[in-house]
Amino acid sequence: MIRFLRSAMVIARRDFTATVLSKAFIFFLLAPLFPLLMGGVFGGIGARVATQAQRPVVAVVASREDFAPIAAARSNLAQATSDDAVVRLVNYQPGPDLAVQQKRLLASRNPPIQAVLRASTGDFQLAGDVHKGDATDRQLRLILHNAGAAESAAPPLEVESIKTSSPGSLVKDRAITAQIGQMLLFFLTILLSGMLLSQLIEEKSNKIIEVIAAAVPIDALFVGKLFAMLAASVLGIFVWLSAGALLIQFIKQGGVQTLPPPAVGWPGFLLLSVVYFAMNYMLLGAAFLTIGAQASTVREVQTMSMPITFGQVLIFGFASTVIGAPDSAEGIAAAVFPLSSPMAMLARAAEQPDWWPHLVAIAWQGLWVALILRTGAHMFRKTVLKSGPRTRWWKRRSVA
Amino acid sequence: MLRQVSQSAASSAIAVEAVDLVKEFDGTRAVDGVSLSVPAGSIYGLLGPNGAGKTTALRMLIGIIDPSSGSRRVLGRDRPLEAATEVGYLPEERGLYPSMHARDAIAFMGALRGLPLQEGRRRADALLDEHKLGDWARKPIRSLSKGMAQTVQLLGTIIHKPRLIVLDEPFAGLDAINQARLEELIRREARAGVTIIFSTHVIAHAERLCEQVAIIAKGKVAFDGGVDEARSRLRPIVRLGTRASDGPWRSAIPANARRDGSEWVFELPEGGPEPLLKALIDGGAGIETLAIERPGLHDAFVAIAGDAAAAAMGQDKSQ
């Protein structure tokens, strides 16, 4: 085992040095600018969709009689504009302790409640993630005005701004965090997988593979290559994260502290991001090494690249189903399917505070990394080095 | 049932032993039951025409590929890769990282075989100086000539001071000067007790260097033994020049004797030179020139490899 690790280390050190000290690494460091730009555009579209799906509601604590004219006024307004454009209202019967009820409602996840409106015979109080003059405030004033117009002039509206984030807006923000996290993971992996394939081809065309295969086990070669690229990419991520944090610090008032916190907290999320990136990279990287090892020329790699990229996009799309619904059937399936698991679980980390699913997922993904690596090394020996006796699968079965 | 490599290979007397090695590629038998035994500290030549199966046999011996059947034992180990730190290998198709510096390439090859990088760099500098490549130590491989790059790879093969060196067609692509240098390097390593196996289809190198050879043809070992033993398979050649064109002396030379210019050329008859000489003199040949030539390894190789190839082709036809 020590010799195996030492051999893998020799390969990894060579590859890491060759990668990081090359001029191409500068371009690698600049590469995220392009996907980030694309991610910004597509993320904006996605965020809008997410906003619509997860649109928070205003809880109206009022008797049925008091709520009826308000609901009618909202309905009129929605007809005049569009239902999506108007704040959603959900009626709750007043409880014995209104303060406790308000606190409970603001903590509700299903549905996510942005603010609580207490309505009682012409007396209105609004509390939650609202500010005087913002869209919710203005819409509610209009609705209440219309509701009371038949009986009297517009009633006074008292607004109380509560500084803490309400779960309603937090859910939305965390969905965005999950989406951005997944997107970064996806683009980073797709970038690195291509580099990994090219390196293996370079090695094969240099014939150095013969020298290496004579000295170290093929498994060690695979592991070494994977870890070299992983180390190079972690270095890249460190540079990118530092640059990103500095940028946010400069352009956003309050700096990085103002970013919406993921469900597991920032330190936990960053730690899981690194772990899931490593797992995602090793899972896809091991699969690509296996496929790439079968190619003998750059042209063959290019031919293979297109279906591989399509496959990655499909997996990314599958993993995206987790956002906003990590406990749905699709979400769980995406978390269980090895190739989409890291992306799905990162999204979960942004939205759900539990840690134990991550420990299980990391162990599960690790198992698959080992399995794919073993298979890859075996295929490489069989198909590239043409090693070992010819054994048919039906013969293997009969032996077993 | 397959005969297994004997445990005696673990002893220092035998460095490499192979028994009935077979390798098939998509139904084609590239190596067909190769058995050989390489004494420790010897220079062992693997001779054969192109496509005979030499490279495949070597790749199996050092563990790059596993045989379809058969067994091998290298430096006392059944799994050749377990002895990797004590083995140096120069493949037929040379390969180095073009952007790597010469000393780093050598040190990297040593590191693959368990030599610490720092020590590898130190030894690389010394070896490059010794081979008059000191000025190129910190130059990338891509800036070296083909001969220089081959020397660098060869130095990478021996950097970790292996007990066994396997060289696949090491002289290919080298000019005469570098070939002579390589021969000297092989002799020096052998003097230091290192076992050397090399393959070649240029017999002159094997004749100058080897104590033992295996001749491979069509995937089979046609001959395995000492160089003198290979030569002795052929009878000496007689070159005879006579004043008389005909006479009783003609009965002393074989019927298949051929003319080469003014000389008769034929194999030395069973009885040896003395009865031949007597018959020629008594028969009035009027001997002008008489030379008895010992056959070279090349003649033996052509005879042995040619026979085996012919036999194998005969088998193919009969199937």
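Me: What percentage of the 400 residues of chain A count as buried?

Reply: A residue is buried if 20 or more other C-beta atoms lie within 10 Å of its own, exposed if 12 or fewer, and partly exposed in between, with C-beta atoms placed from the backbone. By that count, 38% of the 400 residues of chain A are buried. In chain B, 44% of the 319 residues count as buried. This is a predicted model: local features need pLDDT of at least 70, side-chain atom pairs count only at pLDDT 80 or more, and totals for chains, interfaces and linings use all residues. Residues are numbered from 1 along each chain as its sequence is written, while chains are lettered from A and ligands numbered from 1 in the order in which they are written.

Me: How many helices and strands does chain B have?

Reply: Helices (H or I, at least four residues) and strands (E, at least two) are DSSP runs, numbered from the N terminus. Chain B has nine helices and 13 strands. Chain A has 15 helices and five strands.

Me: What share of the contacts in chain A with a separation of 6 or more comes from residues 24 or more positions apart?

Reply: Two residues are in contact if their C-beta atoms, placed from the backbone, lie within 7 Å. For chain A the share is 77%. For chain B, 72% of the contacts between residues at least 6 apart in sequence join residues at least 24 apart.

Me: Now a single strand. Why is strand β6 of chain B largely enclosed?

Reply: Start with the general idea. In a regular strand the side chains alternate between the two faces of the sheet. Now the case: β6(B) spans residues 164–168, and five of the five are buried, so the rest of the structure largely encloses it. On one side sit B:Leu164, B:Val166 and B:Asp168, on the other B:Ile165 and B:Leu167, all buried.

Me: Which strands does β6(B) pair with?

Reply: Two strands pair if DSSP finds at least two bridges between them. Strand β5 (residues 87–90) of chain B runs parallel to β6(B), joined by four bridges. B:Gly88 stands opposite B:Ile165 there. Strand β7 (residues 195–200) of chain B is also parallel to β6(B), with five bridges. B:Asp168 has B:Ser199 of β7(B) as its bridge partner.

Me: What is the handedness of the crossover from β6(B) to β7(B)?

Reply: View the strands pointing away from you; if the path from the first strand over the helix to the second runs clockwise, the crossover is right-handed. This β-α-β crossover, through helix α5 (residues 176–191) of chain B, is right-handed.

Me: Which strands form the open antiparallel sheet of chain B?

Reply: Strands of a sheet pair through backbone hydrogen bonds, either parallel or antiparallel. Here three strands lie in the order β2-β1-β4 (chain B), with antiparallel pairing. β2 (28–39) and β4 (69–74) of chain B are at the edges, each with a single partner strand, so one side of each lacks a neighbour in the sheet. Neighbouring strands are turned by 15° against each other on average, direction ignored. Nine bridges link β1(B) and β2(B). One pair is B:Ile14 with B:Pro39 in β2(B).

Me: Which helix packs on that sheet?

Reply: Axes are lines fitted to C-alpha atoms, for helices over the stretch in contact, and angles run from 0 to 180 degrees between N-to-C directions. Helix α1 (residues 54–61) of chain B touches β1, β2 and β4 of chain B, and its direction makes about 120° with that of β1(B).

Me: Where is B:Leu75 found, the residue with a positive phi?

Reply: Most residues other than glycine have a negative phi, and most peptide bonds are trans. B:Leu75 has a phi near 50°. B:Leu75 is in the loop between β4 and β5 of chain B. It is buried, with 22 other C-beta atoms within 10 Å. B:Glu169 also has a positive phi, about 50°. B:Glu169 lies in the loop between β6 and α5 of chain B, and counts as buried with 21 C-beta neighbours inside 10 Å.

Me: How many residues of chain B are in contact with chain A?

Reply: 23 residues of chain B are in contact with 20 residues of chain A. α2(B) gives the most to that side of chain B, with four residues.
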